[in-house]
Amino acid sequence: MSLMTVEQVAEFLGVQSVRVERLERESLLPAADKDADGTPLFEKEAVEKYKILAERLGGL
């Protein structure tokens with residue numbers, strides 16, 4: 001299982017970090033774990049699936 005930080009996810013999706021945090025807060029992109037500071041970490045596969053779904057629905 002490969003985990004990605006908020007910043008890595010934001011770069012991969014081409015959005016700002018705040019948007020990734022909002023997606024997690026709204027349960028649209030659930031976090032797999034949290035680091036020592038409480039920052040969400042995401043599974044790479046889940047992020048890739050989310051990107052595909054978002055593109056099909058009209059973009060990010």
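This is a predicted model: local features need pLDDT of at least 70, side-chain atom pairs count only at pLDDT 80 or more; totals for chains, interfaces and linings use all residues.
User: How are α1 and α3 oriented to each other, roughly parallel or roughly perpendicular?

Analyst: The axes of helix α1 (residues 6–13) and helix α3 (residues 44–56) come within 11 Å and cross at roughly 30°. Angles under 35 degrees count as roughly parallel. The two helices, α1 and α3, are therefore roughly parallel.

User: Is the crossing of α1 and α3 left-handed or right-handed, and which residues make the contact?

Analyst: The crossing of α1 and α3 is right-handed. On the α3 side, the contact uses Val 47, Glu 48, Tyr 50 and Lys 51. These residues and their partners divide into 5 nonpolar, no polar and 2 charged. The α1 side supplies Val 9, Phe 12 and Leu 13.

User: Where does the charged end of Lys 51 sit?

Analyst: Lys 51 of α3 and Phe 12 of α1 both belong to the contact between these helices. The charged end of Lys 51 lies 4.6 Å from the ring centre of Phe 12, and its position is over that ring.

User: How are α1 and α2 oriented, roughly parallel or roughly perpendicular?

Analyst: The axes of α1 and helix α2 (residues 17–25) come within 8 Å and cross at roughly 105°. The range for roughly perpendicular is 65 to 115 degrees. Helices α1 and α2 are therefore roughly perpendicular.

User: Which residues in α2 meet α1?

Analyst: From α1, the contact takes in Val 6, Glu 7, Val 9 and Ala 10. By class, the contact of α1 with α2 has 4 nonpolar, 1 polar and 2 charged residues. In α2, the residues are Ser 17, Val 20 and Glu 21.

Terms used: Residues are numbered from 1 along each chain as its sequence is written. Side-chain values use heavy atoms; hydrogens and water are left out. Axes are lines fitted to C-alpha atoms, for helices over the stretch in contact, and angles run from 0 to 180 degrees between N-to-C directions. Helices (H or I, at least four residues) and strands (E, at least two) are DSSP runs, numbered from the N terminus. Angles under 35 degrees count as roughly parallel, over 145 as roughly antiparallel, 65 to 115 as roughly perpendicular and the rest as oblique. A crossing is left-handed if the near helix is turned anticlockwise from the far one by less than a right angle, and right-handed if clockwise. Contact means heavy atoms within 4.5 Å. Ala, Val, Leu, Ile, Met, Phe, Trp, Tyr, Cys and Pro count as nonpolar, Asp, Glu, Lys and Arg as charged, and the others, Gly among them, as polar. A charge sits over a ring if NZ of Lys or CZ of Arg is within 6 Å of the ring centre and within 35 degrees of the ring normal.
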